[in-house]
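This report looks at a ligand and its surroundings, and then at pairs of charged side chains. Please keep the sequence and the structure in view while reading.

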Amino acid sequence: MAFVENIKIHNFKSHIKFQSELLTNHIVISGNNGIGKTNLLETLSFFSNSKGIRSNKLENFFYKDNPDKDIFVECSLKQENFSSNIAYKIYKKNNIITKDFFLDGKKISNLEINKLVNFIWLSPHMDKIMYDGSVIKRKFLDKIISNLDFNFKKNIRDFKKLADERLVLMQNQNDLKWIAILEEKMAKILFQILSERRNKISIINNISKKKLNKFREFKIIISNDQELDLENENSFIEKVKKIFFEKRNLDATIKRNSYGPSIDEIFFYDENKQLNTDLCSTGEQKSLLLSIILSCGWIYKDENINFILLFDEISSHIDQKNIEKFFAEVAKFETQAWYTGTDKNLFQAIENKAFFIDLA
Ligand SMILES: Nc1ncnc2c1ncn2[C@@H]1O[C@H](COP(=O)(O)OP(=O)(O)OP(=O)(O)O)[C@@H](O)[C@H]1O
Ligand SMILES: [Mg+2]
């Protein structure tokens, strides 16, 4: 359970000064187009991701009419039986933009904030995940898995470091022994990355089937050309070491590592329609994305990781007919959920328990 009790915002895009006490688990932000609803959710998403909901560059977040003023966002966060003050400041120093996080006034790392609470969001900006090919799907899943499993995140980072080191050594064409040692380390880490992806995807798929059967059912499919070898760690490592060896010339020429975590192809499949989601209708794609986000919520809950949900423009992902069952599903997480919408009527089903912020 996690709960923002109070939020204060300074100079974040259109919000020069904003403050609100949040009194319930359901927060509804309403108001006309362009009033600042998404910007408000974006301030929270920054606690979980360096680029936030819209993946914009940091320089775009300063209030445009006074871009030299520091951005400061502060929340009082309640979890189970304790409250803490989390904050971040984004500022320019010698033309470099920096973002610092604070816990109870003390500077902490991004990772420490992540360990404390996660914000999971769904926004119309994410719809392209459903139709825009395998790479964007893999990146989306990797972010989810990284937040759930810090070891996965470390493995991705370590693989990249080793691959970069190998590229430098190959440019100089010396120390073949050390290159081989790096390749062995890379193969071992790659095995862990690919295995963990499959493990988490199988959990997400199971949730869709067992816990979310009132919603559109999906299946995430993952594969690569070494699929069979993933059953046996040693044979996988030997085979991949050979591949790295064979690719040395190519990688040195293109100055890029051509074999690694990106070999996995990811597809989303609509179990109701028996169709790849790339081929589904726009509405079907949006409902499937909603199901995937709800599944993620269940993993966080099952693994006892605190999270808060942010649903931007929720009417674009669920129609009026299904909205009650959606609110009922979110309530099962027993954590805070924020919703935005231009039309307050959409939130009638939670009228008595929601806290409304009308930005108009
Ligand atoms: N750096 C900035 N400084 C000031 N205002 C900005 C900045 N960046 C964006 N804006 C403005 O913030 C306003 C609010 O944007 P936001 O996306 O939050 O609106 P919204 O209420 O979600 O609208 P919609 O209902 O259309 O989604 C927009 O008018 C946008 O032009
Ligand atoms: Mg918006």
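## Ligand 1 and its surroundings

A polar side-chain atom of Arg54 lies 3.0 Å from an oxygen atom of ligand 1, a polar contact being a pair of N or O atoms within 3.5 Å. Taken alone, ligand 1 exposes 650 Å², of which the protein buries 70%, with accessible areas taken from the Shrake-Rupley method with a 1.4 Å probe. The side chain of Thr38 also has an N or O atom 2.7 Å from an oxygen atom of the ligand, and for Ser14 the corresponding distance is 3.5 Å.

## Basis of the model

This is a predicted model, in which local features need pLDDT of at least 70 and side-chain atom pairs count only at pLDDT 80 or more, while totals for chains, interfaces and linings use all residues. Residues are numbered from 1 along each chain as its sequence is written, chains are lettered from A and ligands numbered from 1 in the order in which they are written, and side-chain values use heavy atoms, without hydrogens and water.

## Salt bridges

The whole structure holds 29 salt bridges, each a side-chain nitrogen of Lys or Arg within 4 Å of a carboxyl oxygen of Asp or Glu. In one of them, Arg216 and Asp270 meet at 2.8 Å, N to O, although the two residues are 54 residues apart in the chain.

Arg216 is partly exposed at 22% relative accessibility, whereas Asp270, at 0%, is buried (buried means under 20% relative accessible area, exposed over 50%, partly exposed in between, with a 1.4 Å probe and protein chains only). Glu284 also forms a salt bridge with Arg216, at 3.7 Å.

Notes: A polar contact is a pair of N or O atoms within 3.5 Å; within protein, one must be able to donate a hydrogen and the other to accept it, and residues adjacent in sequence count only if both atoms are side-chain atoms. Helices (H or I, at least four residues) and strands (E, at least two) are DSSP runs, numbered from the N terminus.
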